[in-house]
Amino acid sequence: MTQTPFGETFRFNVWDDEAGDGLGFTLADPAASRLDLEVAAVERPQVLAFAPEVPNGGAMLVVAGGGYTQLMLGKEGVEVALWLNSLGYHAFVLVHRFPDAAGGPQAPVDDAGEAMRLIRARAPGLGVDTGRVGVLGLSSGGHLAACLAAAYPDAWTAPASAAPAQSARPDALVVAYGPISTNAAGRAVVADKPPLEPAQKQALYEALQPDAALMADPPPAFIVYAASDPVVPVENGLRLQRAYLDRGGHAELHVFAEAPHGFALRTPDLPVGAWPTLCARWLEAVGV
């Protein structure tokens, strides 16, 4: 495989680890700095692995946002992975397919689930406890991360897994400003909200509303939103926490009054800049 410009330790394909040369994805601007690179198209879903200098035995799958039409892989993927490395976690950044005519609505969900199974299969060789594998998603990546804590739709047919003995259920869920269910018809909080394009993207949001389909024994969740977010309403975070409470699950919700959408790790001077510290303490407290 060709080395990517993200500087990962190693990488592996999600569905066929032996297949393909080249990057397997297209960058929107290859000249951008490493932490500002964006993925415009994905031909081959894969995982970029980042190893910590001092491992703590845990791992996190990182899912960047981009509205399911691109991936902010530098800002919301690699930058987050490097932060997790500083805490001792192995970090695995997912480069997933988009919901479109080629892969259908379920493509990103299938990629995320298989990535979790493959990480667990590789975990012993990396010194990672298979019971300490979480997922962290931002924006649309937050929706995709939450899908791993929800029931898989009956109408979908899951592809054969290369690691069927492993579970796709995360041991911890971190969601930041993710559109959990307000993009679904009948559940929008924006008046006269039109369907999203492409049609497969809207179909994904209809089929998987993680708050409504939350699994019976959900993993502990850390949820962070901004009340002022003009792109993803804070109601998404409130719905996810309510679903957790209804299921008797553990969910810690932080709502900051003012922050831009996509704050990620780049607002250290605002109150929301405290969320990584709060999240790190939470991950330690829940044993992941």
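Figure 1. R117 counts as buried because its relative accessibility is 18%, where buried means under 20% relative accessible area, exposed over 50%, and partly exposed in between, as found with a 1.4 Å probe on protein chains only. The side chain of R117 meets that of E114 in a salt bridge, with 3.0 Å from N to O, the term standing for a side-chain nitrogen of Lys or Arg within 4 Å of a carboxyl oxygen of Asp or Glu. E114 is likewise buried, with a relative accessible area of 0%. Both R117 and E114 belong to helix α2, residues 107-126, where they lie three residues apart, about one turn of the helix; helices (H or I, at least four residues) and strands (E, at least two) are DSSP runs, numbered from the N terminus. This is a predicted model, in which local features need pLDDT of at least 70 and side-chain atom pairs count only at pLDDT 80 or more, while totals for chains, interfaces and linings use all residues. Residues are numbered from 1 along each chain as its sequence is written, and side-chain values use heavy atoms, with hydrogens and water left out.

**Figure 2. A salt bridge between D171 and R120.** The side chains of D171 and R120 meet in a salt bridge at 2.8 Å, N to O. D171 lies in the loop between α3 (140-147) and β8 (173-176) whereas R120 lies in helix α2, so the pair ties together parts that are 51 residues apart in sequence. D171 counts as buried at 17% relative accessibility, and R120 is buried as well, with a relative accessible area of 5%. Side chains of opposite charge can pair when their charged atoms come close.

Figure 3. R242 and E235 meet through their side chains in a salt bridge of 2.6 Å, N to O. R242 is partly exposed, with a relative accessible area of 40%, and E235 is also partly exposed, with a relative accessible area of 21%. Elsewhere, salt bridges that share partners join D36, E79 and R266 into one network. A search of the whole structure finds nine salt bridges.

Figure 4. In one of them, the ring centres of Y177 and F263 are 4.6 Å apart and the planes stand at 65°, so the pair is edge-to-face. Y177 lies in the loop between β8 and α4 (199-207) and F263 in the loop between β10 (251-256) and α6 (275-285), so the pair ties together parts that are 86 residues apart in sequence. Both Y177 and F263 are buried. In a separate view, R122 lies over the face of F12, at 4.2 Å from the ring centre; a charge sits over a ring if NZ of Lys or CZ of Arg is within 6 Å of the ring centre and within 35 degrees of the ring normal.

Figure 5. Strand β4, residues 46-50, is mostly covered, five of its five residues being buried. In a regular strand the side chains alternate between the two faces of the sheet. Both faces of β4 are covered, with Q46, L48 and F50 buried on one side and V47 and A49 buried on the other. Strand β1, residues 10-13, pairs with β4 in the antiparallel sense over four bridges, two strands being paired if DSSP finds at least two bridges between them. F10 has A49 as its bridge partner in β4. Strand β6, residues 90-95, runs antiparallel to β4 and is joined to β4 by five bridges, with V47 standing opposite L94 in β6.

Figure 6. A172, in the loop between α3 and β8, is buried, with a relative accessible area of 0%. Leaving aside neighbours within four places in sequence, A172 is in contact with several residues, among them V133, P219 and W282, where contact means heavy atoms within 4.5 Å. H254 is found in strand β10 and counts as buried at 17% relative accessibility.

How values were computed
Rings of Phe, Tyr and Trp (its six-membered ring) pair if their centres lie within 6.5 Å; planes under 30 degrees apart count as stacked, over 60 as edge-to-face and the rest as tilted.
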